[in-house]
Amino acid sequence: MAYPFSEIEPKWQKYWLEHKLFNVEPKTGHKKYYVLEMFPYPSGKIHMGHVRNYTIGDAYSRYKWLEGYKVMHPMGFDAFGQPAENAAIKNNTKPDIWTHKCIEWMKKELERMGYSYDWDREVSTCDDSYYKWNQWIFLKMFEQGLAYKKGSNVNWCPSCETTLANEEVIDGGCWRCHTKVEQKDLEQWFLKITEYRDRLLEDLQQLKDWPERVKAMQSNWIGRSRGVEIYFRLKDSDKTIPVFTTRADTIFGATYIVLAPEHPLVKEIIKGKAEEKEVLSFIDKVSAENKTVRSSEDVKKEGVFTGCYCVNPVNNETIPIWIADYVLMEYGTGAIMAVPTHDQRDFLFAEEHNLPMRIVIHGPGIKTMDPEYLNAAYEGNGLQVNSGQFNGLFNEEAKIKIAEWMEEEKIGKIQTHWRLRDWLISRQRYWGTPIPIIYCQKCGIVAVPYEELPVKLPEDVSFTGEGGSPLGKVKEFVNVPCPKCKSPARRETDTMATFFDSSWYFLRFSSPRFNNGPFDKEAAKYWMPVDQYIGGIEHAILHLLYSRFFTKFFKDLNMIDFDEPFKKLLTQGMVLKDGEVMSKSRGNIVDPDSIIKNYGADTLRLYILFAAPPEVEMEWSERGIEGAFRFLNRVWRLLEYCKDQPQGKIVSFELRKKTHRTIKEVSEDLENFKFNTAISSVMELVNAIYQNVDKDVSEAVRAVILLLSPFVPHLMEEMWQELGNKESILKAEWPQYEDKFIRESVIVMPIQINGKLRSKIEVPIDISEQKLREFVLDDDKVKSWIQGQVVRNFIVVPKKLVNIVI
């Protein structure tokens with residue numbers, strides 16, 4: 001008979017809620033552990049991406065509970081944003097009503113999954129009790145000169161009708177709706193994240209338990225470059241064009257320079273030239289293009305000649321000035337020196353426009369000094385040629401010497417440049433945190449006094465979908481007296497980017513009802529930093545970088561005493577169906593509700609964790625769901641062999657060894673988020689139990705229940721109770737293995753690569769081939785011999801040796 005999941009799951013969900021088993025408070029003398037998954041936007045329905053993220057976090061939280069920790073595992077909702085406004089227009093309602101309905105639906109769906117959340121800590125960023133502190137933080141930054149307003153050319157989403165930070169433009173489209181992004185000039189509010197760039201870069205070294213990929217992405221985005229700013233003088237003029245380069249060794253090969261179309265000098269130098277009309281037309285064309293697309297490697301580069309020339313300061317050579325779409329004002333100085341022979345992008349551009357080339361580094365592969373015979377730029381190392389007094393030097397040495405010489409000659413200056421730019425937070429929409437600023441004709445820009453916070457969103461607002469912020473049309477909101485002189489003044493009508501809300505929510509969870517600040521310092525001192533953070537790789541730059549910035553700002557205010565918000569980070573892979581990411585537009589969505597209805601939440605949880613390691617993409621499989629359900633029914637039937645067992649039944653020594661080895665394997669795998677192999681180990685133990693049902697299997701069954709409880713909590717609670725336990729399984733202790741059952745079951749396995757002995761490893765005698773492969777490929781000696789080569793075959797001679805064919 002199938003286990004009655006439709007009765008068991010609601011029963012235990014109600015029990016956990018009524019007994020507040022997941023509610024925690026700081027307590028001296030107890031080990032604390034803070035597990036957090038990135039909180040969701042309340043769309044109303046959870047999808048399989050949510051299920052995977054939250055099931056990973058929940059399994060780990062429950063494991064930590066059984067290990068004896070006081071686990072804080074909160075949940076809330078990242079509730080502001082454009083989609084709620086769009087939904088309000090579509091459904092003829094208001095964003096707050098729509099959002100709170102969605103939160104209510106979503107919360108019920110999360111509860112049906114049996115997640116161990118402390119719901120007393122729930123926060124929603126759209127509640128004024130939360131966004132009041134957004135405004136408080138903004139004012140503190142304003143006081144410190146970290147929040148400022150300036151006019152700028154911005155990314156504009158015509159669909160969402162709002163500005164976007166550079167990071168929010170993905171492949172030329174809006175990160176949320178994918179509409180093609182345009183350029184627009186607006187007065188905007190920025191946060192000076194660049195003030196923290198050194199710390200943001202250097203403190204990445206502290207993050208030992210973050211994926212290297214994420215740290216590399218952050219490092220690249222911050223983008224510190226050491227190089228030289230070189231001064232190219234305009235021909236027949238005293239004006240100079242500063243150009244930053246990290247390749248001073250190639251300066252003698254610069255045969256033209258390229259300016260960004262937005263460069264302030266362009267319109268000045270082309271005035272009256274025959275090329276003026278063509279250049280202005282090109283500027284208009286490029287201004288409508290997305291900057292991310294313009295600078296991407298795989299898009300053809302376009303440009304026009306300005307009709308002007310400048311002088312290369314190292315050889316006094318007159319070279320042409322071009323403008324091109326791939327040069328941006330945001331990076332460097334908005335101008336580049338072009339060295340076609342040693343930069344592939346310059347090479348392609350020069351070939352397209354028949355521009356001159358000169359080889360200045362001679363290395364392997366360059367058979368002639370005539371650039372006519374080059375098929376591509378040579379970007380490797382070599383000896384300097386055609387480089388004046390630096391000829392014959394190795395280019396890496398020449399890079400330093402040329403930079404020093406240019407600085408001595410005052411034709412350049414050694415500098416550090418950064419890719420990171422200040423963070424644009426202004427949004428022209430209603431459903432966000434109002435920026436607490438007032439504009440007075442007499443006093444200028446005035447901060448809203450702290451005692452007047454929160455500046456609340458007005459309720460009586462008309463949503464038409466037309467451009468501009470709806471707040472600007474609410475006179476009662478806009479027209480206010482100046483806090484300083486009491487003259488008529490007007491409020492700022494822009495609201496904050498939602499990434500502001502999510503840059504500190506993890507701190508608010510430590511004291512969600514605290515009324516005297518964003519968070520209680522003592523509570524934050526107890527719970528923070530987050531011990532384990534879990535979320536998608538798509539947030540590797542945006543959210544994580546901003547959260548690190550806010551944390552450092554709070555430290556500077558003496559509100560916290562740590563540098564980084566998240567000790568450990570896990571970035572889970574996406575859920576695919578038929579090889580593609582699940583989405584409504586593709587019609588390949590699998591509704592979690594239907595799986596819960598037909599198989600139960602525990603089946604869905606088990607399948608999600610077993611199907612693939614958390615860090616990689618997982619392919620949805622109906623057969624996999626059915627297999628997980630069959631396994632849980634098999635586990636349920638184990639109770640038949642534990643109840644009313646006759647006295648004197650023999651305990652199998654081999655089963656006991658298998659039980660203790662499984663406890664060890666699952667403990668180690670859980671600690672390292674290897675849920676799929678942990679579950680596989682328990683499956684093997686279940687098989688072993690069924691092979692020994694004529695003996696006393698109670699110890700092994702008890703171990704199975706405890707080991708599976710983080711993954712399938714409802715069923716394991718029920719089985720735990722059926723064994724006669726009065727309290728929740730969460731009050732139990734994680735099982736411990738005994739060394740005597742582990743030691744005697746280990747062998748040394750020789751590892752050959754292409755038939756030659758390269759290493760030896762110690763493994764359990766009955767290790768599965770899947771586990772053995774994992775152990776072998778993780779061995780340092782094996783890694784050094786393989787070094788990224790393809791493993792053609794993996795041959796196992798059981799209990800004898802392994803031979804890898806590469």
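**Salt bridges and burial**

Modeller: K552 counts as buried, since its relative accessibility is 0%. Buried means under 20% relative accessible area, exposed over 50%, and partly exposed in between, with a 1.4 Å probe and protein chains only. This is a predicted model, in which local features need pLDDT of at least 70 and side-chain atom pairs count only at pLDDT 80 or more, while totals for chains, interfaces and linings use all residues. Residues are numbered from 1 along each chain as its sequence is written, and side-chain values use heavy atoms, with hydrogens and water left out.

Colleague: With which residue does K552 form a salt bridge?

Modeller: Side chains of opposite charge can pair when their charged atoms come close. The criterion for a salt bridge is a side-chain nitrogen of Lys or Arg within 4 Å of a carboxyl oxygen of Asp or Glu. Here the partner of K552 is D203, and their closest N and O atoms are 2.6 Å apart. K552 belongs to helix α17 (residues 542-556) and D203 to the loop between α6 (197-202) and α7 (212-222), so the contact ties together parts that are 349 residues apart in sequence. Helices (H or I, at least four residues) and strands (E, at least two) are DSSP runs, numbered from the N terminus. D203 is buried as well, at 12% relative accessibility.

Colleague: How many salt bridges does a search of the whole structure find?

Modeller: The search gives 44 salt bridges. One of them joins the side chains of E67 and K64, with an N to O distance of 3.0 Å. The two ends are classed separately: E67 is partly exposed at 29% relative accessible area, whereas K64 is buried at 3%. Another is formed by K674 and E774, at 3.1 Å from N to O. This pair links distant parts of the chain, 100 residues apart, with K674 in the loop between α21 (653-671) and α22 (675-690) and E774 in helix α26 (residues 769-777). K674 is partly exposed at 33%, and E774 is also partly exposed, at 24%. Salt bridges can share partners too, and in this way K45, E109, R112, D591 and D593 are joined into one network.

**Strand pairing**

Colleague: In which sense do β19 and β22 pair?

Modeller: Two strands pair if DSSP finds at least two bridges between them. Strand β19 (residues 437-440) and β22 are antiparallel, with three bridges, and I438 has R491 of β22 as its bridge partner. Strand β22 also takes part in a second pairing: three bridges join it, antiparallel, to strand β21 (residues 479-481), and P481 stands opposite P488 of β22. Strand β22 itself spans residues 488-491, with A489 and R491 on its covered face and P488 and R490 on the uncovered one.

Colleague: Which residue in the turn of the β21 and β22 hairpin has a positive phi?

Modeller: Most residues other than glycine have a negative phi, and most peptide bonds are trans. In this hairpin, with six residues between the strands, K486 has a positive phi of about 70 degrees. The hairpin of β3 and β4 has four residues between its strands, and there E161 has a positive phi near 55 degrees. Strand β3 pairs antiparallel with strand β4 (residues 162-164) over three bridges, including N155 opposite L164. Strand β3 (residues 147-157) is also joined by 10 bridges to strand β7 (residues 182-191), again antiparallel, and K149 stands opposite W189 there.

**Backbone exceptions in loops**

Colleague: What is the phi of N92, and is N92 buried or exposed?

Modeller: N92 has a positive phi of about 55 degrees although it is not a glycine, and its relative accessible area of 74% makes it exposed. Its place is the loop between α3 (82-91) and α4 (95-112). N386 likewise has a positive phi, near 50 degrees, and is partly exposed at 40%.
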